[in-house]
Amino acid sequence: ARYDTLIVPASIKNVRGFSGQLGAGDNRLQNLYQVIGLGDEITVTNMSFAYLKNLVSINVPIRFEDSPQPFAGDESLKEITIADGEEIVPTGAFEGCKSLEVVNLPNSLKTISERAFYETGIKTLRLGNSVQTISSEAFAKSALEELYVSSTVTYISNNAFNGTYNLETIEVDSNNPIYDSRDSSNAIILTSENKLVIGSMGTVIPTSVKTIGENSFRDSMLMEIEIPEGVTTIEANAFAESFYLMKVLLPRSISSIDDTSFNMSGMGTPSRTVFWVWNNSYAKNRVEELTYPYVLRDDLEEEPPLIANAAFEVIPEGYQFSARETITPDNFVIKIYYYDEENDTVFEEPEIISDFETVYNNGYSDALIGGYNTVTFVFDTAKGYKGIKIDLNLFASFLEPEYEVPTGITAYS
């Protein structure tokens, strides 16, 4: 009682109710492998074929009824053709279809709705000459490598391509009146505002750009970026959650960096993201204010090696800290190891940090307290890094009171 083929007669125009979410987990439809339409096309509706494990193909073009997620969560779907005349790909239409690599879009298509191709396997996308709107997270976390934006596109959500880790090549049609990708930047730029709104791993920011837009590089695999002179503003979450971002070169022209611009970028201990700033600049003052590690560009004779990791030792080994103690270079050693890019190795000899500031429990105590503590170490390195910050969880034993029970006391009621 398991079906692998569904044949749809030409007389049937609308197909619904074959979702793998209907019924028990051991659903009879989970073996459905192919849909064969005997007519010219079929119309799908809300979750018509959603969450099927084995559905690979539908042999006729698809038309959508105004309902979301007709194919969401399908695990094996490889190719789909959307029927001529369709103007909207509905919300979450192919969300989570990681195997979906080929989508044939009709010339009539105008709107790609929210999360329509979220987390799909599409690698190359050429938007047809009628698409106008690309909605929120439309292609987020997809496998996109190449993107072509046609002249008709007039709105792109600023998070439409978040998490497209492989996206490297972006081209905007030269006749698009709203957006451009000037100077082969591999980015989408809002022309009227000189604002970069969508970035990629391959982006080189043009000198004519004034603003790095909200979410523009969010959740990317970007490792290094040079922001050129002329850029003045970095908006909210522009580089947030870019966990591998190691190096950001900031110009003198920067005059505004949002509190969240680099939120959770360069996750690690210490943070992988190091900011290269000019002395006496807004950027230097701002990264100090945000307690980000930085390097002064003025004084560098040669580029310092990357920080690979940090190690910590208590002196003497095995010593247990107690409540009310403070941590100093006399009882605690920080070792910074550097990475030799040329030889792809970590330097054997670490730098010993002999001067550091210690902040206990985010400043709520002036020394260790009994139990677990969040201890923040802030220091500069001899190789040129400033304001390196490391958070550690350390346990301190509780103090045991010393007292004598008095004698000769008489109790009265």
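This is a predicted model: local features need pLDDT of at least 70, side-chain atom pairs count only at pLDDT 80 or more; totals for chains, interfaces and linings use all residues.
**Surface patch**

I found a patch formed by Tyr165, Met201, Met221, Met223, Phe243, Tyr244, Met264 and Met267. Together these residues have about 700 Å² of accessible area. I then picked out methionine 221, which sits in the loop between strand S19 (211-212) and strand S20 (224-226). I noted methionine 221 as partly exposed, because its relative accessibility is 32% and that class lies between 20% and 50%.

**Strand S24 and its sheet**

Next I asked which residues of strand S24 (residues 274-277) are buried on each side. Val274 and Trp276 are buried on one side, and Phe275 and Val277 are buried on the other. Both faces of the strand are therefore covered, because in a regular strand the side chains alternate between the two faces of the sheet.

I followed the neighbours of S24. Strand S22 (residues 247-249) runs parallel to S24 and is joined to it by 3 bridges. In this pairing, valine 248 stands opposite phenylalanine 275. S24 is also joined by 3 bridges to strand S25 (residues 294-296), again in parallel. Here valine 277 stands opposite leucine 296.

I checked how the chain gets from S24 to S25. The two strands and helix H1 (residues 282-289) make a right-handed β-α-β unit.

I wrote down the sheet order as S20-S22-S24-S25-S32, an open sheet of 5 strands with mixed pairing. S20 and strand S32 (385-386) are the edge strands, each pairing on one side only.

**Glutamate 325**

I looked up where glutamate 325 lies and found it in the loop between strand S26 (306-314) and strand S27 (332-340). Leaving out residues up to four places away in sequence, glutamate 325 touches Tyr319, Gln320, Ala367 and Leu368. I also compared its position with that of lysine 383, which is 58 residues away along the chain. The C-alpha atoms of glutamate 325 and lysine 383 are separated by 30 Å.

**Salt bridges**

How many salt bridges does a search of the whole structure find? The search gives 18. I went through some of them.

One of them joins the side chains of arginine 115 and glutamate 137, at 2.9 Å from N to O. Arginine 115 is in the loop between strand S10 (111-112) and strand S11 (124-126), and glutamate 137 is in the loop between strand S12 (133-134) and strand S13 (146-149), so the pair ties together parts 22 residues apart in sequence. I noted arginine 115 as partly exposed, with a relative accessible area of 25%. Glutamate 137 is partly exposed at 23%.

Another salt bridge is between glutamate 235 and lysine 195, at 3.2 Å from N to O. This pair links distant parts of the chain, 40 residues apart: glutamate 235 is in the loop between strand S21 (233-234) and S22, and lysine 195 is in strand S18 (residues 195-198). Glutamate 235 is partly exposed, with a relative accessible area of 23%. Lysine 195 counts as buried because its relative accessibility is 16%, and buried means under 20%.

I then went back to helix H1. Glutamate 288 forms a salt bridge with lysine 284, and their closest N and O atoms are 3.0 Å apart. The two residues are 4 residues apart in helix H1, so about one helical turn separates them. Glutamate 288 is partly exposed at 36% relative accessible area, whereas lysine 284 counts as buried at 13% relative accessibility.

My last entry is a network: salt bridges that share partners join Glu41, Arg63 and Glu86.

Methods:
Residues are numbered from 1 along each chain as its sequence is written. Side-chain values use heavy atoms; hydrogens and water are left out. Patches are made of residues with over 30% relative accessible area and no salt bridge: like charges are joined within 9 Å, nonpolar side chains (Val, Leu, Ile, Met, Phe, Trp, Tyr) within 5 Å. Accessible areas come from the Shrake-Rupley method with a 1.4 Å probe; for residues, only the protein chains shown count as cover. A salt bridge is a side-chain nitrogen of Lys or Arg within 4 Å of a carboxyl oxygen of Asp or Glu. Buried means under 20% relative accessible area, exposed over 50%, partly exposed in between (1.4 Å probe, protein chains only). Two strands pair if DSSP finds at least two bridges between them. A crossover is right-handed if, with the strands pointing away from the viewer, the path from the first strand over the helix to the second runs clockwise. Contact means heavy atoms within 4.5 Å.
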